[in-house]
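Let's take a walk through a protein together.

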Amino acid sequence: MDAARYYNGNRDERLDFITNKEKKPSSRKYGIIIGVLVAVLIIAAVIGILVWFFAFKEKDKPSSRSTRVFSGHMKLAQVKYDEKLEDTSSQEFQDFAEKLQEKLKTLYQTDPLLAKYYTKSVVTAFSEGVMAYYWSQFDIPATDYEIVPEFSEERILDALESGIEQQSRAIQLSDVKITNITASATDWRMARMPTAEECFYRLEAEDVEKMFQSPGYPSGNDPNSRCQWQIRASEENTITVNFLDFNIKDDCANDFVSIFDSLSPDYSQAITKQCGQRPPSNPLAVVSSGNIMLINLITDSSVQKPGFNATYKIIPQTEAKTCGGILSESEGNFTSPLHPKFYPPAVDCTWTIKVPDGSKVRLKFNMFRMKEPGVDVNICHKDYLEIMGKKYCGEMSSLSLTSDTNILEVKFHSDESYTDKGFNAEYTAYDPNNPCPKQFFCNTSICISNALKCDGWNDCGDMSDETDCKCDKHQFRCANGLCKPDLWVCDTVDDCGDRSDEAQCGCEANQWRCANGDCLPQDVICNGKKDCEDGSDESSCENARGVCTIFSFKCANQMCVNKVNAECDRVMDCSDNSDEEHCDCGIRPYKLNRIVGGQDAELGEWPWQVSLHFKTQGHVCGASIISNKWLLSASHCFKYNAEYEDPANWITYSGLQNQLTFNTAQRRRVKRIITHTGYNDITYDYDIALMELMEPLEFSKTVQPICLPASTHIFPPGMSCWVTGWGTVREQGLLAKTLQKASVKMINDTVCQKYLSNSLTTRMLCSGYLSGGIDACQGDSGGPLSCFEESGKWFQAGIVSWGEGCARQNKPGVYTRVTSLRDWIKTYSGV
Ligand code: 4AZ
C-alpha cells in the first residue's frame, strides 16, 4: 500500500512539470524526469519482488496467515457403498466428495468465528462401512492472530456436531446423513488433494508382499516433498508395512514420515512419526488395526537423503491381534503382539503365568518400549503393561519383577493412537526360600554376584546392594548408610549422594573449599578474581569471562570461558564462537535399538571405532576416528618391534562390526604413524599415537569421527562411559568376532593410585569397577573410551592402554588421558 501512494505522488509532480509554458525541457527538467523514472522503476521492482514472494515463495508456507487444518472421518447413513468410491479419479468419487464438502461447509456455519475464517474442506477417501475421510482448512490473517487459540479441536467438533444436529431435523429422506464425526488438529503439510496432485498413491495390500518406495529412492527425493500413500486391504485383515531401508533427515519437525491407522492424517489415530536413519538391526515395521493405513512423507530440508524402501502385505486380524494366554512351563518367553514389529493399535490381552505351587515368578524384560508423546510414565493413561496393579509404559532399560504368589498376570493394552516396539520378556519360576542360589538378591528382584555387595557401586539399580553394609576399615560410612572408600572423602565429589563425604572437610560452614583443599571465605566464589591458587573458585562461573584459570576453556581469541565442558555443547560461549567450531563429531547417525544387556555392539553404534590389522595376523589393536584422515590409537600398539612402526604393515577397517564380514567396512592403508616421543614402555606413560591415512574416509551411517575433549574437559568420577573393541573376552581368552561394548565408570585418581600401587601418571586415568568383572582386555588397546555428554555428543575421554590383567577385582583398566594430550594431538594432526 505504501508503494501505491508513493506512485500517485510522482504522477502529480509529473503533471506539474510538463506544462505548456515550458515546451523546451531544460537540463534540470531532464534530470528530474530521469530521477522520477528511476524511482518508478525501483518501486515497480519492489512491487514485483513482493508479488513474487507472496504469490510463489509463500505459497507453500503460509506465514502471513496462520493455517489451521483439522482432519478426521465421518460415518455416513442412507448411502449405499459403491466400490467405485475407492477410486479417487472416478466420477462417483468426485461427485460424492463434492456433495460432502458442501455439507461440511454448511456445518461450520453454525459457528460464526469458524465460518469467517473457513477456507475449504476436502474429502480424501471413502472406505467400507461408509466412512469418509476429510480435512478442513481455516486461514487466519496476521491481523487476527490473537484468535488462533480459539481454533481448538473441541470447538471444531462442537460446530460439526451441532450442525449435524440441525441438519438432521431438516433432513430429507434421500439426503446423506452424517451419523458420527471426528476431528483432530493436524499438520497443514499433510492436507493433500486426492485427485490432482502428484505424489499421491493408492495401494492394495494382499497376501503376497509388494514393494513401494519414496520418490527418487535411493538417490533422494526433492526437498519440499509432500507424499501420501493410502493402503487398503480386504475386510478382516490388517496391513503391515516393513521399512527395509529408512533414511531421511534427522529433524522430525521438518522431515518425517507419519503413519496413521486411518485414511486421514488424524493424530488421534497416528501409529507413529519417525525421522532419521535406522540401522538394519532396528528396522521399522508397523501394523494397522484394521484394513486401512495412511503413510505421509514430508521433507522440507534441502539435504538429499535416500528416503525409504518398504514392503507391504496383509496379516489376518486374527493373527495380528491374538496375544496372551496361559503360560504354565517353569520358564519361558513372551512378547507384545508381532514384536519386534510395532504392535497394532487397539489390542488388549493378558498372559497368566502359572508356576508350580510354592514357587514364585521372576519376570525380566530384555526390551521394553511403549512410548507415546505427552504421556506421563507415572500414570500411563494410554498404552501400558499392567502387572500386580501397577502400570508400566515409556522406555525402560531394565525391568525385573517378582510375583507374590505362584501366579502372575500381565495385562497388555494398546489404545487407538501411537504404537511402539513393545516388549520382550522372559520368566522363570524360583524358590522363594532361596531366590538367588549363591548370589545376592536385590530388591529389584535381580540376582547379582555376592562380590558386588557393599563394593560402593549401585549394582542392583536401587542401591539395595549398598545398604546395611558393615564398612571395612578402609571405608567411610555415609550418613545414608552407604560405605565408600576412605579416599573418596573430601575429594569434592558427592560420592555418598547426600554430600556427607564432602561435609566436614576441614573448612568452616561459611567457607569455600578450593580443589586443592584450601579454605577461603564463601564470597570468593565467582567474584571475578582468582582466589584459590588453582583458580577453582572461578571454574564454573559463567559470567567470569575475563578470568583465566587452568579450568577455563580458552577461546581462539584468547578469551576465557569459565563453564564446565563449554566446547561443542551447542551453546556459543566464546564471542568468536570458537567453542562451537569443529563440532561435526560424536554423532551416531543410526537410531539404535536400546536392548538391555548384551555385550555385542550394534552396527553403527560406535561409528568411530576402528580395527587395526597387522600384516596377516588380523586384528591386533583398536583406534578411533578423529577426522577423515586421522586415527587416534596407543603408542604401545606400534612398539612391539620395528615392523610394527612401519605404516606399510597395517590396514585399518572403519565401519566394521564383525571380523568375518569386511565387505561393508572402509579399508584404508596408513601413510604415517606418529608415536609420542615421551612413550615409556615400562610405565606406559604417553601411550598415544596418531595414524594418518593414505586416503580419506567417507563419513557414513557407520563411519563417523568422535569429538575430542578440550584439555579442560571434565569427566567426573562415577560417570559411566563405554569401552569398545574386539579384544579378548577374558584374560588369556580369544579375540571377539563381533565388536564388544562395556559400560565402565570413571574412577577417582587417588583411589586408583591406591589400588594400582601409585603407578599412574597424569597422562592416565582409570575406569571400570573395583569389584572387577567388566573391563577392556588384550586387543582392545588403542580403542576409545567414549563418553556421552548432555549436549548430545560423544567425547573420547581415554585410549585403552593397560591394566593388571583384565577385569580383576580392585584392578580397574587404565586409559591414556586424552585431555592431558589434547595439545599434542592438535600439534601433530591439526585436529
Ligand atoms: C592389553 O594387553 C590390555 N584391563 C588392555 C587393557 C587392559 C589390559 C590389557 C585393561 O592390550
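Predicted model: local features only at pLDDT ≥ 70, side-chain atom pairs only at ≥ 80, totals over all residues.

Residues are numbered from 1 along each chain as its sequence is written, and side-chain values use heavy atoms, with hydrogens and water left out.

Now for the strands. Strands of a sheet pair through backbone hydrogen bonds, either parallel or antiparallel. Here, strands (E, at least two residues) and helices (H or I, at least four residues) are DSSP runs, numbered from the N terminus, and two strands pair if DSSP finds at least two bridges between them.

Take the open sheet to begin with. Its 5 strands come in the order β6-β8-β13-β10-β11, and the pairing is mixed. Since β6 (200-204) and β11 (270-274) stand at the edges with a single partner strand each, one side of each has no neighbour in the sheet. On average, neighbouring strands here are turned by 15° against each other, direction ignored; the axes behind such angles are lines fitted to C-alpha atoms, for helices over the stretch in contact, and angles run from 0 to 180 degrees between N-to-C directions. Look at β10 (residues 255-260): β10 pairs with β11 in the antiparallel sense over 4 bridges, and S258 stands opposite K273 in β11.

Next comes a closed barrel of 6 strands, running β33-β34-β35-β38-β37-β36 with antiparallel pairing. Neighbouring strands in this sheet are turned by 40° against each other on average, again ignoring direction. Between β33 (residues 609-614) and β34 (residues 618-625) you'll find 6 bridges, and H613 has H619 in β34 as its bridge partner. Helix α8 (residues 822-829) lies across β35, β37 and β38, at about 30° to β38; contact here means heavy atoms within 4.5 Å.

Finally, the ligand. Which residues are around it? They are D775, A776, C777, Q778, G779, S781, V800, W802, G803, G805 and C806, where near means that a heavy atom of the residue lies within 4 Å. This shell divides into 5 nonpolar, 5 polar and 1 charged.

Zoom in on the polar atoms. A polar side-chain atom of S781 sits 2.5 Å from an oxygen atom of the ligand. A polar backbone atom of A776 is 2.9 Å from a ligand nitrogen atom, and a polar backbone atom of G805 is 3.0 Å from a nitrogen atom of the ligand.

Key
Polar contact = N/O pair within 3.5 Å; in protein donor to acceptor, adjacent residues only side chain to side chain. Nonpolar A, V, L, I, M, F, W, Y, C, P; charged D, E, K, R; others polar.
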